[in-house]
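Here are my notes on the model, as numbered points. Please read them with the structure open.

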Amino acid sequence: MTSHDNFDDPAALSARFVTAFNAGDLNRLDALYEERGVVVPVPGHAVTGPERSAANRHLLGLGLPMAAETRRVYVADDIALLLVDWSLNGTGPDGRKIAMKGTATDVIRRGADGTWRYVIDNPHGIA
């Protein structure tokens, strides 16, 4: 088991996200969210369910590797706040250079099975 496979460690969730993302595995990405968990693909616009999957599918479609580093973790019982610096860099499918980065503010919760999952995945933080 690698460190990012540690389902008990809230800090490992962002590494699990990056692994699934870089593998292009939308099903594994979806499994990292609570059933009603949301992603904020653009500031001020939270989506869940099929729209959440579509937002992640769009990013996967860029075909770029993601890098992320967890900056801070604040835990209160079974809830945690992750601050994560992330980036996507490279050449997109249309041949244009892409350089995206941000500091995510993610709310996660430990489920009854002990696994941490996203409740709110906010990649743009306070933007």
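1. A contact means heavy atoms within 4.5 Å. Of the contacts in the chain with a separation of 6 or more, 47% join residues 24 or more positions apart.

2. The model is predicted: local features need pLDDT of at least 70, side-chain atom pairs count only at pLDDT 80 or more, and totals for chains, interfaces and linings use all residues. Residues are numbered from 1 along each chain as its sequence is written, and side-chain values use heavy atoms, with hydrogens and water left out.

3. The chain has 3 helices and 6 strands (DSSP runs: helices H or I, at least four residues; strands E, at least two; numbered from the N terminus). Their order along the sequence is α-α-β-β-α-β-β-β-β.

4. The radius of gyration is 14 Å, in agreement with the value near 14 Å for a compact globule of 127 residues (taken over C-alpha atoms; rule: 2.2 Å times the number of residues to the power 0.38).

5. Buried residues make up 39% of the 127 (buried is under 20% relative accessible area, exposed over 50%, partly exposed in between; 1.4 Å probe, protein chains only).

6. The whole structure holds 5 salt bridges (a side-chain nitrogen of Lys or Arg within 4 Å of a carboxyl oxygen of Asp or Glu). One of them pairs arginine 110 with aspartate 78, at 2.8 Å between the closest N and O atoms. Arginine 110 lies in strand S5 (residues 97–110), and aspartate 78 in the loop between strands S3 (66–76) and S4 (79–91), 32 residues apart. Arginine 110 is partly exposed at 27%, as is aspartate 78 at 38%.

7. Arginine 96 bridges to aspartate 94 at 3.0 Å; arginine 96 is exposed, at 60%.
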